[in-house]
Amino acid sequence: MKILVTVKRVEDYEVKIKVKPDGSGIVTDQMKYVVNPFDEIAVEEALRVRDAAGSGEVVVTTIGVADAQQQLRTALAMGADRGVHVLADGNVDPMMAAKAFKKVIEAEKPDLVILGKQAIDDDQGQVGAMLAELLGWGQGTFASKEDSLESDAEKSKQPALKIANGRCEVVREVDGGLETLSLAMPCIVTTELRLNLPRYASLPGIMKAKKKPLQEMKLAELVPGAEARVKVVKLEPPKERKAGIKVPDVATLFDKLHNEAKVI
Amino acid sequence: MSNVLIIVEQAGGKPKKATLAGITFGQQVAQKSGGQVHFLIIGPGASAAASEVAGYGAAKTYVVEGAAFENYLVEACTPAVVTAAKACNASIVAGAATSTTKDLLPRVAARLDAAMASDVTAVVDAKTFKRPMWAGNVTATVELTSNIKVCSVRVAEFDAPAKGGATTATEKLDIAVDAGAMKAKFVGRKEVKSTRPDATTADIVVSGGRGVKSAEGFKIVEQLADSLGAGIGASRAICDAGWVPNDLQIGQTGKIVAPNLYIALGISGAIQHLAGMKSSKTIVAINKDPEAPIFTVADYGLVGDITVEVPQLIEKIKQSR
Ligand SMILES: Cc1cc2nc3c(=O)[nH]c(=O)nc-3n(C[C@H](O)[C@H](O)[C@H](O)COP(=O)(O)OP(=O)(O)OC[C@H]3O[C@@H](n4cnc5c(N)ncnc54)[C@H](O)[C@@H]3O)c2cc1C
Ligand SMILES: Nc1ncnc2c1ncn2[C@@H]1O[C@H](COP(=O)(O)O)[C@@H](O)[C@H]1O
C-alpha cells in the first residue's frame, strides 16, 4: 500500500495574525510555522493505514519555500517514509497546487492520496477535489468517523478508512449528518478534524527523520508557465466589534435583550 | 457582460434556505456586470423547486432530474454544472457554501480550468471579491483572472434576495450518467434528525462548549434554545468529545452563522470559534471565567455558572411569553 500525503507549511494557529499596515501581506516577524493541522491528521491516517496493511510506504509532499522542508521533516518524524519537496516562492493558488500534485502523483503512482480538507492560512478548501478531477479519480472529502475522538476505537489507533478489495470506504461529515461512500482506488481523501488524533513526533522519530530521503524539484519545472489566477489584491483587518458590557445578573441580561437589543 | 450561473440546492422539491444567499450573490454580480443570472437545480424534486425560485429574476432555470443525481455524487453533478454553464455562457459559476458545494465546486472549477474563491463575503466587481483568510483574522480582496470563475458564497454575509422581473422559464437538461463507470458509490447516510431550525439560517442560535461538562449537560443548551425557538450549535471541543453530533460545530472549520442573537454558554472563545459567529448581530456570553476571550466579542457578558444562570434565564423568557 503506497500512500501520498500533502503537507502544507502554515502559520501557527495559536498566533493572532496581523495585517501589515500597507495591506501587502501579514506580519511574519518571529512567526512560528507548523504543519497544517488537517495535514497532520492526514499523515496520521496514512501511517495507520500503512501499519494496518502490514507493509507499504507513506510519501509526504509539500509545495513551498525552502523552509517548508521543516514541515516535511515533522511528518517524517511522525513516521512517514520519504519526502518530496516542490520548491516554490510566491503565491501558489489551489489550482496550481493541484496541477503540481498531479505531476507528483503520476510519478509516484500511489494507491491512496490524503490531503487536508482545508489549509488554515488561505482557508480555500479546494485542492483535494480539484486534484481528484484532474486525475479523474473518485473523492471522499471531509473524511471522519462515527466513533468520537475519546472512544476506545480511537485509543487503539485503528484507521478510520476501511480498505478492502481495491476500494476505500470513507465516512464523510456533511451538513445534517454522516454519509458513507465507497471509492475505487486509487482515490482522493480529504480529512476532517474528527478522523483521528495525530501522534506527536518522538525523539527517536526526530533523529531518524533527519536521515530519511527527501527529493527536491521546482514548481516551475513541474508545471511550466503556471501562474496564480487567484490574485490577492490587498489584505485588511476585519471590522472589529465594538466592545460590549458585562451585566451583573440574569434580570439585567433579560432586560437588555428584551428592551435594548430587542432580540427576545 | 458576464452571465452568472447559480446552483440552487433543494430538498424534496423545496429550495434550501441557505441557497438564497447564492441567489443574492448572483443578483449583485449581474448588477455590476450587466449580465444575466441563471439558476441550476439538480436532483429529484428539481422541477418543483424551480417554480419556487421563479420570481427571483433569473433569465432561465436549468433543471436536471433523475435517480442518478439522488445522492449528489460529484461525478454525476460536475457534468451537469458544466453543461449548464456552457448553455448560458456563464463567466461565473457559484453557489451558497454548504457541504455539497464545498465538495462539488472545486471539482467543477478544475474541469472548467477556472480559478475559485471560497466563502466569498462581498462582491467588489464581476471578478473581484472579498473573502476571509486565517480564520477570519484577515479580510482579503482577491481578483480571479481566469476566463470562467467559480465562487462559493458565505451564507451569513448575504441578505435574502429581492424578487423581481418576469417569471423564470425552465429548461430541462439531459445529462447522461454512466453509474457503472463512477469511481464513487453511495453506501449510506446517517442523518441527525432535528426539529430545530438550522443554525446557519436561524434567527437565534444557542451554543454550548466544554463548560456544559458532558453530553447530559448539553441539555441546558437545548432547553434555552427551545424556550426561544432557536437553532443550536457547539464548539469543536465537545463535537470531538462526542457529546454532540459533529454537524453542530460552529467556527472556522465548522458552520458559519450570523443570527440576530448568538448565545454562547461555557465557550472560551478561541479564534477558530469566533471565526464562525462574530458576525452575529447581538452576542451574549455566559462563562464563569471573567477573562474568557468570548467576552471581547460579546455585547452582553454575564460572568457566572451556566447551571445556575441559564435556568433563571429560561424562567424569565417563559414568563415573558
Ligand atoms: C485547525 C483548528 C480548527 C479549529 N476549528 C474550530 C471550529 O471550527 N470551532 C471551534 O469551536 N473550535 C475550533 N477549534 C478549536 C479551538 O481552538 C478551541 O480549542 C475550542 O473552540 C475550545 O472549545 P470550548 O470553548 O468549548 O472549550 P474550552 O476552551 O475548554 O472552554 C470552556 C469554557 O467553559 C467555561 N466554563 C467551564 N465550566 C463552566 C460553567 N459551569 N459555567 C460557565 N462557564 C464554564 C470555562 O471558563 C471556559 O472558558 C479549532 C482548532 C484548530 C487547531
Ligand atoms: N502548498 C501546499 N503544500 C502542501 N500541501 C498543500 C499546499 N496547498 C494545499 N495543500 C493541501 O491541500 C489541502 C487543501 O488546501 P486549500 O485548498 O488551499 O485549503 C491542504 O490541507 C493540504 O493538504
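A residue is called buried here when its relative accessible area is under 20%, exposed when that value is over 50%, and partly exposed in between (1.4 Å probe, protein chains only). The model is predicted, so to speak of local features takes a pLDDT of at least 70 and to count side-chain atom pairs a pLDDT of 80 or more, while totals for chains, interfaces and linings use all residues. Residues are numbered from 1 along each chain as its sequence is written, chains are lettered from A and ligands numbered from 1 in the order in which they are written, and side-chain values use heavy atoms, with hydrogens and water left out.

Ile314(B) sits in helix H8 (residues 306–320) of chain B; helices are DSSP runs of H or I with at least four residues, strands are runs of E with at least two, and both are numbered from the N terminus. Setting aside residues up to four places away in sequence, Ile314(B) touches Ile220(B), Gln223(B), Leu224(B) and Ser227(B), a contact being heavy atoms within 4.5 Å. Its C-alpha atom is 9.3 Å from that of Asp226(B), 88 residues away along the chain.

Thr168(B) is buried too, with a relative accessible area of 9%, but its place is in the loop between strand S11 (149–153) and strand S12 (169–172) of chain B. Its side chain reaches the backbone oxygen of Ala54(B) at 2.8 Å, and a polar atom of that side chain lies 3.3 Å from the backbone oxygen of Ala58(B). Beyond its neighbours within four places in sequence, Thr168(B) is in contact with residues including Val53(B), Gly57(B) and Lys60(B).

Now for the two chains together. The size of an interface is often given as the accessible area lost when the parts come together. Chains A and B bury about 7000 Å² between them, with 53% of it on carbon and sulfur atoms; this is the accessible area (1.4 Å probe) that the two parts lose on being put together, summed over both. Trp134(B), Lys183(B) and Tyr300(B) supply 11% of the area that chain B buries against chain A, more than any other three residues.

Ligand 1 lies between chains A and B. One of its oxygen atoms is 2.6 Å from an N or O atom in the side chain of Ser235(B), and an oxygen atom of ligand 1 is also 2.6 Å from an N or O atom in the side chain of Gln249(B).

Methods:
Near = heavy atom within 4 Å. Polar contact = N/O pair within 3.5 Å; in protein donor to acceptor, adjacent residues only side chain to side chain.
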